[in-house]
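Please consider the following structural briefing. It is arranged by topic for a reader with the sequence and the coordinates at hand.

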Amino acid sequence: GHAHAALIAKIGNWKMTEPQSLAAMIVVQPGAVVSRTLIKKPTGTVTLFAFDQDQGLSEHTAPFDALVQGIEGTCAITVGTTTHHVKPGEVLLLPANVPHALQATSAFKMLLTMIRA
């Protein structure tokens, strides 16, 4: 009913109008890659990711620029032919149409901002 819809809306927004700990908003799952969308608009998305150690995303390309922001742990991110090691507090641009791949070197959390326009 109506109360249930209101509850879903509250959970969906995670009280994003109040300060939140990014690290606390997502939990690393054993042997898995977990994602949680914070903002989804036609112009772009903001998504939290949590990778267990040695988990990752195989090489792929995207038609849009994406900015990785490390939150916890470390990740090897290959952009084209260069591998970077992203640590907490660091950012790395994944340029549109350039192949990239990710592999967590420890349990890793990141915020990914994709701009579509």
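**Aromatic residues**

Phe 49 and Phe 51 are both buried, a term that stands for under 20% relative accessible area, with exposed meaning over 50% and partly exposed what lies in between (1.4 Å probe, protein chains only). The model is a predicted one, in which local features need pLDDT of at least 70 and side-chain atom pairs count only at pLDDT 80 or more, while totals for chains, interfaces and linings use all residues. Residues are numbered from 1 along each chain as its sequence is written, and side-chain values use heavy atoms, with hydrogens and water left out.

- The structure contains 2 aromatic pairs, where rings of Phe, Tyr and Trp (its six-membered ring) pair if their centres lie within 6.5 Å, and planes under 30 degrees apart count as stacked, over 60 as edge-to-face and the rest as tilted.
- Phe 49 and Phe 51 form a stacked pair, with 5.9 Å from centre to centre and 15° between the planes.
- One aromatic cluster is formed by Phe 49, Phe 51 and Phe 108.

**Overall architecture**

- The protein has 1 helix and 9 strands; these are DSSP runs numbered from the N terminus, helices being H or I of at least four residues and strands E of at least two.
- Read from the N terminus, the order of elements is α-β-β-β-β-β-β-β-β-β.
- Among the 117 residues of the protein, 30% count as buried.
- Of the contacts with a separation of 6 or more, 60% are between residues 24 or more positions apart, a contact being heavy atoms within 4.5 Å.
- The protein exposes about 6900 Å², of which carbon and sulfur atoms supply 58%; accessible areas come from the Shrake-Rupley method with a 1.4 Å probe, and for residues only the protein chains shown count as cover.

**Threonines of strand S2**

- Thr 45 lies in strand S2, which spans residues 44-51, and Thr 47 lies in strand S2 as well.
- Thr 45 counts as buried because its relative accessible area is 13%.
- Leaving aside neighbours within four places in sequence, Thr 45 contacts Ile 39, Lys 40, Leu 112, Thr 113, Met 114 and Arg 116.
- Thr 47 has a relative accessible area of 10% and is therefore buried.
- With neighbours within four places in sequence again left aside, the contacts of Thr 47 are Ser 35, Arg 36, Thr 37, Leu 38, Met 110, Leu 111 and Leu 112.

**Ala 104 in strand S8**

- Ala 104 belongs to strand S8, residues 100-104.
- A relative accessible area of 1% is why Ala 104 is classed as buried.
- Beyond its neighbours within four places in sequence, Ala 104 is in contact with Phe 51, Asp 52, Gln 53, Asp 54, Gln 55, Thr 74 and Cys 75.
- Ala 104 and Ala 50 are 54 residues apart in sequence, and their C-alpha atoms are 9.2 Å apart in space.

**Pro 30 and the surface**

- Pro 30 is placed in the loop between helix H1 (2-13) and strand S1 (33-41).
- Pro 30 has 71% relative accessibility and so counts as exposed.
- Leu 67 is located in strand S4, residues 65-72, and is partly exposed because its relative accessible area is 36%.
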